[in-house]
Amino acid sequence: MIKIYTDGSCIGNPGKGGWAAIIFKNNEKKNLKGSKDLTTNNQMELTATIKALEYISTKDKIQIYTDSKYVKQGITEWIKNWKNNNWKTASKQNVKNVDLWKELDNLSSNFDIKWTWVKGHSDVTYNNEVDELARNAAESN
């Protein structure tokens, strides 16, 4: 099983953003990270997950750890209704970050993914490490 830790960071919201992913595959660890000038924290959280899935080329089972309830609940719960309602929320508003959600939905459909929420800034070693990578990416932007 491939294990992936993802995180996004933003200095200001919107502001300078960074994203990061740590991928464990075949006993190897790979760090990915990037940045964007004007973005939001939620956009960076989604981007981290998208970039991690784009990196994976095999059909192995995947476990994704995120401290973003927005990402976890969005992809596992809310997205079904958004799609049924033509990308509108329950209050008939346009879904924010719809382009990223569509991309994540498309990518995730190619994999068998277990989505796991972890408490941010807790004692989860790799969640703390990916948080630091994302913050550094935002700060270096």
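Over the ring of which residue does the charged end of Lys59 sit? The ring is that of Phe111, and the charged end is 5.4 Å from its centre. A charge sits over a ring here if NZ of Lys or CZ of Arg is within 6 Å of the ring centre and within 35 degrees of the ring normal. Lys69 has its charged end over the ring of Trp117, 4.7 Å from the centre.

A word on the model. It is predicted, so local features need pLDDT of at least 70 and side-chain atom pairs count only at pLDDT 80 or more, while totals for chains, interfaces and linings use all residues. Residues are numbered from 1 along each chain as its sequence is written, and side-chain values use heavy atoms, with hydrogens and water left out.

Now the sheet. It is open, with five strands in the order 3-2-1-4-5 and mixed pairing. Strands are DSSP runs of E with at least two residues, helices are runs of H or I with at least four, and both are numbered from the N terminus. Two strands pair if DSSP finds at least two bridges between them. Strand 3 (28-39) and strand 5 are at the edges with a single partner strand each, so one side of each has no neighbour in the sheet. Strand 4 and strand 5 pair in the parallel sense over five bridges. Gln63 is opposite Lys114 in strand 5.

Next, the core. A nonpolar core is a set of buried Ala, Val, Leu, Ile, Met, Phe, Trp, Tyr and Cys residues joined through side-chain atoms within 4.5 Å. Buried means under 20% relative accessible area, exposed over 50%, partly exposed in between, with a 1.4 Å probe and protein chains only. The largest core has 29 residues, and Leu104 is among those with the most contacts inside it. Helix 1 gives the most to this core, six residues. A second, separate core has eight residues, including Tyr5 and Tyr65.

That leads to the aromatic rings. Rings of Phe, Tyr and Trp (its six-membered ring) pair if their centres lie within 6.5 Å; planes under 30 degrees apart count as stacked, over 60 as edge-to-face and the rest as tilted. The whole structure has seven such pairs. Tyr5 and Tyr65 are stacked, at 4.5 Å centre to centre and 10° between the planes. Tyr5 is in strand 1 and Tyr65 in strand 4, 60 residues apart. Phe24 and Tyr126 have ring centres 4.7 Å apart and planes at 65°, so this pair is edge-to-face. Tyr5, Phe24, Tyr65 and Tyr126 form one aromatic cluster.
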